[in-house]
Structures are given as C-alpha cells and as structure tokens.
Amino acid sequence: MTALIPRRVRSLASLAEALLTPHGMDRYLELVDPMLVRREIRGLVTAVRKQTPDSVTLTVKPSRAWPGFTAGQYVRLQVEIDGVRRTRCYSPCGSQYDGELEFTVKEQGLVSGHLNRAIGVGSVLNLSTPDGGFTLPAARPGRVLLIAGGSGITPVLAMARTLVTEGHTGEIVFVQYSNGPADALYRTELAELAARHPGLRVVHAYTHSKGGDLNGFFAPEHLARVAPWFRDAEAFVCGPKPLMDAVRDHLGERVHTEEFTPPALTFDTANAEGQVRFKRSGRECANSGKPLLEQAEEAGLSPEHGCRMGICFSCTQLKTAGRVRNAKTGEISGEEDEEIQLCISVPVGDVEIDA
Amino acid sequence: MTGLQDRLTPEQVEEFGRELDELRQRTVDDLGQEDVDYIHNVIKTQRGLEVAGRALLFAGFFPPAWLAGVGALSLAKVLDNMEIGHNVMHGQYDWTRDPALSSQRFEWDNVAPAENWRHSHNYIHHTYTNILDKDRDIGYGVLRMDPAQKWHPYYLGNPAYAALLAVFFQWGVMLHDLEFDRIVKGERKWSDTTEVVRKMVKKASRQVGKDYVLFPLLTGPLAPLTFAGNATANLVRNLWSFSIIFCGHFPAEVESFTEEETENESRGQWYLRQILGSANITGGPLFHIMSGNLSHQIEHHLFPDIPARRYPQIAGEVRAICEKYGLPYHTGPLHKQLWSVAKKLVKLALPRTSPAPTTVGADRQLRAA
C-alpha cells in the first residue's frame, strides 16, 4: 500500500501537468505561494543577521526540489534587481546535514550589495542545483587542513561543520586569515565548534594587526607551527588568489582549491579578426576581441550568465563553428558543436554561436 | 522600380532612421521594475481567469455559470495568446532573464508550437513585412490579399476561405509553418516538413487533449457542455485574434512592396517599410491590452522586441515623426478597419480589381504610364 502512494501522487501530478499545459504547474502554484513550486528551486529567507558591518548572513529554507549539497559546493543565487534577474555564486556555509542553508555575503558588487541591503526575512530567492568539485573525499582523510581567507571561509566552514556533525575522529586544523579580529567572520561559531569537537583546532591569522595566533600573510612556517603534520594531510583552501597561490606553492598537489576571485584575463582587442555570428537571433558583429558574453551583450542579446569569470557555467552555449581561445587557460579549441563558456571564450577569427 | 526608396531623400531617410533609433534607445534605457510588474499582473489576471473559467464549467449545468465560464476562459485565452504569448515570444522580456519570460522557452495556449511560430512570425514576417513573395503572412498562403498576387479561379472563394481561417485561426497559424502552398507548387518537399510536423502533432495533441478530452472527462456527465464551452472559448480567441491581426496589415491604405524595391535596405528604409506596411486600431486602454497592444501594430513593427505596454506611450512620438516626414500613419477604429479588410477580401476574389493598386511600385508605374 505504501508503495502505491507515491505512484498515485506521481500520476496525479502528471494529470495536473497535462491539465495545466502548456505552462505547467509551477506557473500556477507560484501565484499562490512562490515556495510551492515543484520543479524550480526557491529559497525562503528565514533569518538575517549581521556578523560584521559589511556582510550579511542569511538562513534560507529551500523548496522541495532542493537536492541537498556537498560541503564545499556553491549555489547560484538569483535576485531580481530593478526587474532584471541577476546571478552570483555563493557557497552555503552550514553543515551539509542541516535542513536549512546558510549564506554569508560580503557587501561588494551589485548582487552582494542587494543581498546585504534589500533582503529581509520572508524574501524569496531563486537557487540553482549545487555545483562544484571543491569537496571532501568520500573516504574522509584522517588529517584535514582547512585554510580560509576573507569571504573564502564559506565553503571551508561548511566542510568543518560537516566533519564535526559526522563525528570526525582525526585532526582538523582550521586556519583563518583576516585583516584583524574585527574582520574574522564566524569567530564565535568557530570557537564554539572547537569547544564541542576535541579534534578541531581553530587558528586565527591576522594579516594587518597584531595579537593573532599567527601574524602576517601566509608563510610556510605558519603550517610548521600549527600543523606540523601538514605533509600527511589533505588541505582545502579558499580565499584571495595570492593566499591560494602561496599555499599551493608550498604544498603542491595535496591542495584542493576553489577560486572565487576572477582570474586576471587578458584580451587582445587590437588584433581581433573575423565575424561573430549569433545563429538563433541572426545577429552578427565584427569580433572585438572581448569575451563572447560581452560581444553578445553588445550585439543586443541578453544571454543567461552568472559569475562572468568562468566558474559557474550559467552562460554555456553551443559553438557551432569556428575557434575560440579560453582566456583562463589560453587553450585554443576548434571542435565542432562544442559547449563553451561565453564569459571566458574569445573568438579566434570567425565564430558562430547558437544563441 | 524604386518607389519605396523615393519616398524620402537619402539624407531624410537617414535622419528619420536616426530619430527612431533614438526613440528606441530612450525606451530601452527606461525599462525596469514597472514593466516586469505589469507583465506579472497580466499573467496573474490571465491565470486567475483561466482557473475561474475551468472551475465555472464544473457548474456548467447552470446556464449563467456556463456562460461566465466560457467568458472567463475566452478572456484567458485571448490574454495568453496576445498580450503575454505573442509579446514574450518576441523577446520583449528577455532582458529580465526570467526563464518564465524567456522568448526561447515560452509556450502559449495555442496549437501552433512556439518554436515553429517564432520562425514564421518573428523572423519571416517581421523581417520581410509586406514584401510580396517573401512575407508569408500576406494571405497566409491561402488568400489573395494584394492585387499584385496573380488571380486564379481558386480565389473566387477568397471571402469563404477568410471566414474559415477566422473560425479555425489557431489551426491556420499552426499549418502556416507547413508552407502548404509551396508544397503544392513543388517548391518544398514533404520530407522537409518532418520536424515541423512532429512539433505540430506533439503540441496540438496536448492542447486538444486538455480542452477536448481531459477537462470534459473530469466534469463527468457535463462532458458535452464542457467540450462545447472549451470549443467556444477557442472560437472566441480565434475570431478575436484573426480580426486584430488582419487589421494590422490589410486595411485598404496599407502598402505592400516588391523584392526589387526593398533590396539593400538601410535601417531607415526598413523602418519606413514597417510604417507604410502596418495599420493601427484606435481604442481605450482595455482594448489595447486585449489586443496584445497589436492595436499599435506600427509601433510593434518598428520595435518588435520592446515591451508592448510601451507602444501606447511612444505612439504620439512615432506619429509626430511620420507627420514631420510627410508619411502616412494608418489608424482607425476597429469597425472601420475590419470593414476595409472585408471589402478587400471580396474585391480581390475577382480578377479585375480597383484602378488604384496598393503597392507603391505599381502606383508609380501607373503614373508613369
């Protein structure tokens, strides 16, 4: 009997979908309550708190289609600003076992600024399915080194909280780099977490003030002092690019990183050649040497996009002809019918995009 | 034959194009929350009317409920197709990046699949507006709507075909993409239509399934009444959209063009053709909404991707620009425009038509002769 219920619910749902064709059930349900949607993922803001003057921490209850996330992954959050939906990536920073999601957003840029200023309890956000490969291995390492800088704390904190929930039995060292005590996000929570879990040690490194457990920017001796076993550990790092580069230089391939800061991309706009054709819309323009996302926007199209730095794949479109250079890697590819990220792909000569 | 291009001097046409480009840019720059709120309100009203209409038909044994249900459902279908579907699928709200308002993803309550329609309407009709042999909306491949279309005894049935097209308009729009007349002439093979037909069958069966099978069945003993109610709502929407659309391009004074005179058009000349080839319908704000603002066909043809609620706002300026350049701005009340279309349908059923042909090119030829 119990096995029958889901089937009946499913067939009722498909009957409803057939009756509500062509718009589908969500387009009706959302008019009653935006959180009732079945296919899309929405998040209801249930709490808002300020840890620091220039950041906000939102607690978000996801709608039924939320599949759960793995600590370290990111989610594309979407908000409507002056009628336009804007997307940015954020890592939930709670344990992956929590029912609600927690986002801490530093006030910088359009979307983060809006999240800081205009979002309150009861606001509804659009969420993507979680994405990203910056995660703990399934077989949890015995020794874990977590290094966070600034707002890079979010995915790393999710890992720490997840390990604590799991009752991790090994050693975890959490090194947090911040300008000084006032900037150290989640200071209290980290202290509580460490108090609760004997295997976890929290280390505060201050880059611009005295009095930290460590002082100054990352240096190899920092690790020697706080985690002398670092060569046997798996390290997870997220923060400003110089921090990640420095750790990577020191630790090599045992380092897992998540880059949220835009890579320094270079564009040669002076020597650009060829035509860019957007097939579906029939628009065409001379290649300006800028990324295709910008060229599409300049041609009057509004392609979907997210991070604009090659991370989130929101802007991926089919390239039907021509060659593009990946501005992040410098790699040139000319495969036919290839999916490319518009925001970091620069045309090399004639290119046709199915957009 | 340079009729269309003789309307304005090259300097004038350039200046005229620039003025319209500026008007467009000013409108685009001003788009924002108000436009999104507006379309969301229309959608909310449409969904509300639809749900109410369907619900009332469950009480269809009570004649006033049946009538009210059919009324609400008819209004819902009209709103869905005209102010929402037609406009969203033109990309008018793509700038919002809301997937529910995306031109590429939207599907309307109509048997014509959105994807086929976007090709035949957004691309073919809006690019080649009123160019004979290119704009397939001239006569929809079944009617003689222009004296330059060669007469054939088949066209004696012109008014009857038009009446049939009005009654079954959504099916006409769907079949439009088959380009059946070109298949008859041997210009297009049946095998070219496989993909288009597959989409038609899929979309039409879902639409027919919901209106003529599922909803009637759900009302049990009232099935015949629900069936009739849904058919009536579809009919009302068909007659209404046929009327609005035919008034947009086929009243007597609207011009059509030849391929020769529209070769190598500049942006300004393209704008010029859109104005000469379209006609507005006068009316109140509610009338404009129910027509999907296609009562502002001229403004729509100039700027098909600007949210339609902006057309009434910019109409005054467009009209002033037309006056400045001595161009006609065709407009009139619905009954006048409909009468003009009807007269044309009857006249063109016969081989010899009026001595005043409507194409600019032919007009010039006549004067030269």
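**Reading the salt bridges of a predicted model**

Mentor: In this predicted model, a salt bridge joins the side chains of Glu166(A) and Arg140(A), with 2.6 Å from N to O.

Trainee: Which parts of chain A does the pair of Glu166(A) and Arg140(A) tie together?

Mentor: Glu166(A) belongs to helix 4 (residues 153–166) of chain A, while Arg140(A) sits in the loop between strand 6 (124–127) and strand 7 (143–149), so the pair ties together parts that are 26 residues apart in sequence.

Trainee: Is Glu166(A) exposed, partly exposed or buried?

Mentor: The general idea is that a residue is buried under 20% relative accessible area and exposed over 50%, with partly exposed in between. Glu166(A), at 31%, is therefore partly exposed. Arg140(A) also counts as partly exposed, because its relative accessibility is 28%.

Trainee: Why does Glu102(A) count as buried?

Mentor: Glu102(A) counts as buried because its relative accessibility is 16%, and the cut-off is under 20%.

Trainee: Which salt bridge partner does Asp305(B) have?

Mentor: Asp305(B) forms a salt bridge with Arg283(A), and the closest N and O atoms are 4.0 Å apart. This pair crosses between chains: Asp305(B) is in the loop between helix 13 (297–302) and helix 14 (311–324) of chain B, and Arg283(A) is in strand 14 (residues 283–286) of chain A. Asp305(B) is partly exposed at 23% relative accessible area, and Arg283(A) is partly exposed at 31%.

Trainee: Which residues are joined into one network by salt bridges that share partners?

Mentor: In chain B, such a network joins Glu50(B), Arg54(B), Lys77(B), Asp109(B), Lys210(B) and Asp211(B).

Trainee: Where is Glu258(A) placed, and is Glu258(A) buried or exposed?

Mentor: Glu258(A) lies in strand 12 (residues 255–258) of chain A. With a relative accessible area of 9%, Glu258(A) is buried.

Trainee: Which residues does Glu258(A) touch?

Mentor: Leaving aside residues up to four places away in sequence, Glu258(A) touches Gly72(A), Tyr74(A), Phe134(A), Val237(A), Cys238(A) and Met244(A).

Note on methods. Residues numbered from 1 in each chain as written. Chains lettered and ligands numbered in written order. Predicted model: local features only at pLDDT ≥ 70, side-chain atom pairs only at ≥ 80, totals over all residues. Heavy atoms only, no water. Buried < 20%, exposed > 50% of the residue type's maximum accessible area, 1.4 Å probe, protein only. Helix = DSSP H or I, 4+ residues; strand = E, 2+ residues; numbered from the N terminus. Contact = heavy atoms within 4.5 Å.
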